[in-house]
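Student: I would like a close look at one residue, with its surroundings described and then placed in the rest of the chain.

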Amino acid sequence: QYAGLTFGHGQPIKIAQVAGLGDLPPIRTGDQSGSRDHGELIGLDLYGGRDVTIDLEAEDSGSGVQATLLTLAAATVVGATTEQPLWFQVTGYPLLCVMCRPRKRTAPWDVGYQIGKLGVVSTQFHATDPRLYAVTQTATVGLANPTTGVTFPVTFPMTFGTVAPSGVTVTNAGNTETRPVLVITGPATTPSAANASIVGAPTLKFSNPNQTGYTVASGDQLVIDTDT
(Lines give C-alpha, C1' and ligand atoms only; values in the text may rest on other atoms or scores of the structure.)
Protein backbone atom coordinates (compact mmCIF):
# COMPACT_ATOMS: atom_id res chain seq x y z
CA GLN A 1 0.00 0.00 0.00
CA TYR A 2 1.24 3.45 -0.88
CA ALA A 3 -0.48 6.83 -0.44
CA GLY A 4 -3.75 5.09 0.40
CA LEU A 5 -3.72 2.83 -2.69
CA THR A 6 -3.66 -0.90 -2.01
CA PHE A 7 -2.40 -3.24 -4.70
CA GLY A 8 -1.90 -7.00 -4.79
CA HIS A 9 -4.13 -10.04 -4.45
CA GLY A 10 -7.83 -9.27 -4.80
CA GLN A 11 -7.18 -5.72 -6.07
CA PRO A 12 -7.59 -4.24 -9.58
CA ILE A 13 -3.81 -3.69 -9.57
CA LYS A 14 -1.93 -6.98 -9.17
CA ILE A 15 1.75 -7.46 -8.30
CA ALA A 16 3.87 -9.41 -10.76
CA GLN A 17 7.28 -8.91 -9.15
CA VAL A 18 9.04 -6.89 -6.44
CA ALA A 19 12.75 -6.09 -6.46
CA GLY A 20 14.74 -4.16 -3.88
CA LEU A 21 12.94 -5.09 -0.66
CA GLY A 22 14.45 -8.53 -0.10
CA ASP A 23 17.93 -7.35 -1.06
CA LEU A 24 20.52 -5.42 0.90
CA PRO A 25 20.81 -1.82 -0.30
CA PRO A 26 24.00 -0.66 -2.08
CA ILE A 27 27.10 -0.15 0.05
CA ARG A 28 28.93 3.19 0.24
CA THR A 29 32.45 2.01 0.94
CA GLY A 30 35.06 4.18 2.63
CA ASP A 31 38.03 2.09 1.47
CA GLN A 32 40.87 4.15 -0.03
CA SER A 33 43.58 3.06 -2.47
CA GLY A 34 47.01 2.75 -0.90
CA SER A 35 49.29 5.41 -2.39
CA ARG A 36 52.58 3.48 -2.10
CA ASP A 37 51.48 -0.10 -1.48
CA HIS A 38 49.32 -2.87 -2.82
CA GLY A 39 45.69 -3.01 -1.76
CA GLU A 40 43.60 -0.45 0.05
CA LEU A 41 43.21 1.32 3.37
CA ILE A 42 40.13 -0.02 5.12
CA GLY A 43 37.24 2.38 5.73
CA LEU A 44 33.66 2.29 6.90
CA ASP A 45 31.06 0.40 4.89
CA LEU A 46 27.68 2.16 5.09
CA TYR A 47 24.38 1.54 3.34
CA GLY A 48 23.29 3.95 0.67
CA GLY A 49 19.71 4.61 -0.40
CA ARG A 50 17.35 1.85 -1.48
CA ASP A 51 15.61 1.49 -4.86
CA VAL A 52 12.41 -0.55 -4.95
CA THR A 53 10.90 -1.63 -8.27
CA ILE A 54 7.38 -3.08 -8.37
CA ASP A 55 6.04 -4.59 -11.59
CA LEU A 56 2.25 -4.25 -11.63
CA GLU A 57 -0.63 -5.44 -13.78
CA ALA A 58 -3.63 -3.11 -13.94
CA GLU A 59 -6.97 -4.68 -14.78
CA ASP A 60 -10.33 -3.27 -15.80
CA SER A 61 -12.22 -2.63 -12.54
CA GLY A 62 -15.41 -1.59 -14.34
CA SER A 63 -14.39 1.75 -15.85
CA GLY A 64 -11.65 0.53 -18.16
CA VAL A 65 -7.93 -0.13 -17.76
CA GLN A 66 -7.13 3.54 -18.28
CA ALA A 67 -9.16 4.48 -15.20
CA THR A 68 -7.18 1.96 -13.12
CA LEU A 69 -3.91 3.36 -14.47
CA LEU A 70 -4.98 6.90 -13.60
CA THR A 71 -5.70 5.79 -10.03
CA LEU A 72 -2.18 4.37 -9.82
CA ALA A 73 -0.70 7.53 -11.38
CA ALA A 74 -2.46 9.73 -8.81
CA ALA A 75 -0.89 7.75 -5.95
CA THR A 76 2.63 7.65 -7.43
CA VAL A 77 3.27 11.24 -8.51
CA VAL A 78 6.94 11.77 -9.34
CA GLY A 79 8.64 14.86 -7.94
CA ALA A 80 7.64 14.62 -4.28
CA THR A 81 10.11 16.11 -1.78
CA THR A 82 8.83 14.05 1.16
CA GLU A 83 8.80 10.30 1.67
CA GLN A 84 5.78 8.22 2.62
CA PRO A 85 5.56 4.65 3.93
CA LEU A 86 5.32 1.88 1.36
CA TRP A 87 3.62 -0.88 3.40
CA PHE A 88 4.12 -4.51 2.48
CA GLN A 89 3.69 -7.97 3.95
CA VAL A 90 4.90 -11.31 2.70
CA THR A 91 4.72 -14.81 4.15
CA GLY A 92 6.89 -15.24 7.22
CA TYR A 93 7.34 -11.53 7.91
CA PRO A 94 5.37 -9.00 9.96
CA LEU A 95 3.81 -5.89 8.42
CA LEU A 96 6.73 -3.67 7.36
CA CYS A 97 7.30 -0.42 5.51
CA VAL A 98 10.06 1.53 3.83
CA MET A 99 9.96 5.33 3.69
CA CYS A 100 10.23 6.27 0.01
CA ARG A 101 8.96 8.42 -2.84
CA PRO A 102 8.12 7.58 -6.49
CA ARG A 103 10.95 8.20 -8.92
CA LYS A 104 9.90 6.54 -12.18
CA ARG A 105 6.91 4.87 -13.76
CA THR A 106 6.80 3.08 -17.13
CA ALA A 107 3.62 1.82 -18.81
CA PRO A 108 4.16 0.54 -22.38
CA TRP A 109 1.22 0.54 -24.75
CA ASP A 110 1.12 -3.12 -25.75
CA VAL A 111 -1.58 -5.41 -27.11
CA GLY A 112 -3.21 -5.94 -23.72
CA TYR A 113 -3.53 -2.20 -23.22
CA GLN A 114 -4.89 -1.64 -26.72
CA ILE A 115 -7.72 -4.14 -26.27
CA GLY A 116 -8.52 -2.65 -22.86
CA LYS A 117 -7.81 -5.73 -20.77
CA LEU A 118 -4.44 -5.28 -19.08
CA GLY A 119 -1.96 -2.49 -18.40
CA VAL A 120 1.58 -3.49 -17.46
CA VAL A 121 3.32 -0.92 -15.25
CA SER A 122 6.75 -0.80 -13.64
CA THR A 123 6.98 1.68 -10.76
CA GLN A 124 10.24 2.61 -9.09
CA PHE A 125 10.51 4.10 -5.61
CA HIS A 126 13.61 5.54 -3.95
CA ALA A 127 14.27 5.52 -0.21
CA THR A 128 16.99 7.77 1.22
CA ASP A 129 16.67 5.71 4.43
CA PRO A 130 17.37 2.05 3.54
CA ARG A 131 15.88 0.63 6.75
CA LEU A 132 12.71 -1.48 6.83
CA TYR A 133 10.40 -0.47 9.67
CA ALA A 134 7.75 -2.30 11.64
CA VAL A 135 4.50 -0.67 12.77
CA THR A 136 4.99 2.42 14.96
CA GLN A 137 5.03 1.72 18.67
CA THR A 138 2.50 3.71 20.68
CA ALA A 139 2.20 3.74 24.44
CA THR A 140 0.05 5.68 26.90
CA VAL A 141 1.59 6.65 30.21
CA GLY A 142 -0.62 7.55 33.14
CA LEU A 143 0.29 9.14 36.45
CA ALA A 144 1.58 6.88 39.18
CA ASN A 145 -0.43 6.46 42.39
CA PRO A 146 0.27 9.33 44.79
CA THR A 147 1.96 8.77 48.14
CA THR A 148 0.16 9.41 51.40
CA GLY A 149 -0.86 13.07 51.73
CA VAL A 150 -3.28 15.06 53.82
CA THR A 151 -5.26 13.07 56.36
CA PHE A 152 -8.26 14.13 58.40
CA PRO A 153 -8.54 15.52 60.95
CA VAL A 154 -5.84 17.93 59.72
CA THR A 155 -2.94 18.37 62.08
CA PHE A 156 -0.06 20.80 61.77
CA PRO A 157 2.51 20.72 60.40
CA MET A 158 0.79 18.89 57.52
CA THR A 159 2.38 17.22 54.49
CA PHE A 160 1.22 16.92 50.89
CA GLY A 161 1.39 13.82 48.76
CA THR A 162 3.70 13.49 45.76
CA VAL A 163 3.47 11.64 42.47
CA ALA A 164 6.47 9.75 41.16
CA PRO A 165 7.45 10.25 37.48
CA SER A 166 5.84 7.85 35.02
CA GLY A 167 7.56 6.37 32.01
CA VAL A 168 7.40 3.76 29.31
CA THR A 169 10.09 1.62 27.66
CA VAL A 170 10.16 1.38 23.86
CA THR A 171 12.37 -1.40 22.49
CA ASN A 172 14.03 -1.59 19.09
CA ALA A 173 13.14 -5.18 18.22
CA GLY A 174 14.91 -5.08 14.86
CA ASN A 175 18.41 -6.13 13.83
CA THR A 176 19.98 -2.73 13.10
CA GLU A 177 20.44 0.57 14.88
CA THR A 178 17.89 3.27 14.16
CA ARG A 179 17.14 6.90 14.92
CA PRO A 180 13.53 7.10 16.07
CA VAL A 181 11.09 9.98 15.84
CA LEU A 182 9.64 10.42 19.32
CA VAL A 183 6.21 12.06 19.61
CA ILE A 184 5.03 13.09 23.08
CA THR A 185 1.36 14.08 23.16
CA GLY A 186 0.17 16.32 26.00
CA PRO A 187 -0.76 16.73 28.68
CA ALA A 188 2.75 15.99 29.96
CA THR A 189 4.93 17.80 32.49
CA THR A 190 8.75 17.94 32.21
CA PRO A 191 9.00 15.14 29.62
CA SER A 192 12.35 13.49 28.92
CA ALA A 193 13.77 10.63 26.86
CA ALA A 194 16.66 8.35 27.87
CA ASN A 195 18.68 5.74 26.00
CA ALA A 196 18.70 2.82 28.43
CA SER A 197 20.95 0.72 26.17
CA ILE A 198 23.95 2.95 26.97
CA VAL A 199 25.70 2.86 30.34
CA GLY A 200 24.46 5.76 32.44
CA ALA A 201 21.28 6.10 30.32
CA PRO A 202 22.05 9.53 28.77
CA THR A 203 18.87 11.60 28.89
CA LEU A 204 17.33 14.33 26.77
CA LYS A 205 15.51 16.85 28.95
CA PHE A 206 13.32 19.58 27.51
CA SER A 207 12.58 23.07 28.70
CA ASN A 208 10.69 26.18 27.63
CA PRO A 209 12.28 29.56 28.42
CA ASN A 210 8.79 31.01 28.81
CA GLN A 211 7.82 28.51 31.51
CA THR A 212 9.17 27.80 34.95
CA GLY A 213 8.40 24.12 34.46
CA TYR A 214 7.93 22.80 30.94
CA THR A 215 4.46 21.45 30.22
CA VAL A 216 3.12 20.01 26.95
CA ALA A 217 -0.47 21.18 26.95
CA SER A 218 -3.39 18.89 26.19
CA GLY A 219 -3.75 18.58 22.42
CA ASP A 220 -0.17 19.73 21.76
CA GLN A 221 2.70 17.51 20.69
CA LEU A 222 6.45 17.56 21.26
CA VAL A 223 8.25 15.92 18.31
CA ILE A 224 11.87 14.83 18.65
CA ASP A 225 13.56 13.66 15.43
CA THR A 226 16.74 11.98 16.64
CA ASP A 227 18.07 11.77 13.08
CA THR A 228 18.28 15.54 12.64
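Is Gln-89 buried or exposed?

Tutor: Gln-89 counts as exposed because its relative accessibility is 55%; buried means under 20% relative accessible area, exposed over 50%, and partly exposed in between, with a 1.4 Å probe and protein chains only. The model is predicted, so to speak of local features requires pLDDT of at least 70 and side-chain atom pairs count only at pLDDT 80 or more, while totals for chains, interfaces and linings use all residues. Residues are numbered from 1 along each chain as its sequence is written, and side-chain values use heavy atoms, with hydrogens and water left out.

Gln-89 sits in the loop between E7 and E8. E labels a strand (a DSSP run of at least two residues) and H a helix (a DSSP run of type H or I, at least four residues), numbered from the N terminus. Setting aside neighbours within four places in sequence, Gln-89 is in contact with Pro-94 and Leu-95, where contact means heavy atoms within 4.5 Å. A polar atom of the Gln-89 side chain also lies 3.5 Å from the backbone oxygen of Tyr-93. Along the chain Gln-89 is 88 residues from Gln-1, yet their C-alpha atoms are separated by 9.6 Å.

Next, the strands on either side of this loop. Strand E7 (84-88) and strand E8 (96-106) belong to a group, with strand E6 (50-59), helix H1 (65-75) and E9, in which each element supplies at least two residues to the largest nonpolar core, a set of 22 residues. A nonpolar core is a set of buried Ala, Val, Leu, Ile, Met, Phe, Trp, Tyr and Cys residues joined through side-chain atoms within 4.5 Å. Phe-7, Ile-54, Leu-56, Leu-86, Cys-100 and Phe-125 have the most contacts inside this core. Cys-100 touches, among residues beyond four places in sequence, Tyr-2, Glu-83, Gln-84, Leu-86, Phe-125, His-126 and Ala-127. Another core, of five residues, lies apart from this one, and includes Ala-188, Val-216, Leu-222 and Ile-224.

Strand E9 also holds Thr-123, which is buried at a relative accessible area of 1%.

Side chains of opposite charge can pair when their charged atoms come close. Glu-83 forms a salt bridge with Arg-101, with the closest N and O atoms 3.4 Å apart; a salt bridge is a side-chain nitrogen of Lys or Arg within 4 Å of a carboxyl oxygen of Asp or Glu. Since Glu-83 is in the loop between H1 and E7 and Arg-101 is in strand E8, the pair ties together parts 18 residues apart in sequence. Glu-83 is partly exposed at 22% relative accessibility, whereas Arg-101 is buried at 18%.

Glu-83 is also in contact with Asp-129, as are Val-98 and Met-99, when neighbours of Asp-129 within four places in sequence are left aside. Asp-129 lies in the loop between strand E9 (118-127) and strand E10 (133-134) and is buried, with a relative accessible area of 18%. Asp-129 and Arg-131 form a salt bridge with closest N and O atoms 3.0 Å apart, and Arg-131 is buried at 17%. A network of salt bridges links Asp-129, Arg-131, Glu-177, Arg-179 and Asp-227.

The search of the whole structure finds six salt bridges. One of the others joins Lys-14 and Glu-59, with closest N and O atoms 3.1 Å apart. Lys-14 is in strand E1 and Glu-59 in strand E6, so this pair ties together parts that are 45 residues apart in sequence. Lys-14 is partly exposed at 22%, and Glu-59 is partly exposed at 31%.

As for the whole, the chain has two helices and 16 strands. Buried residues make up 21% of its 228 residues. Of the contacts between residues at least 6 apart in sequence, 59% join residues at least 24 apart.

Note on methods:
A polar contact is a pair of N or O atoms within 3.5 Å; within protein, one must be able to donate a hydrogen and the other to accept it, and residues adjacent in sequence count only if both atoms are side-chain atoms.
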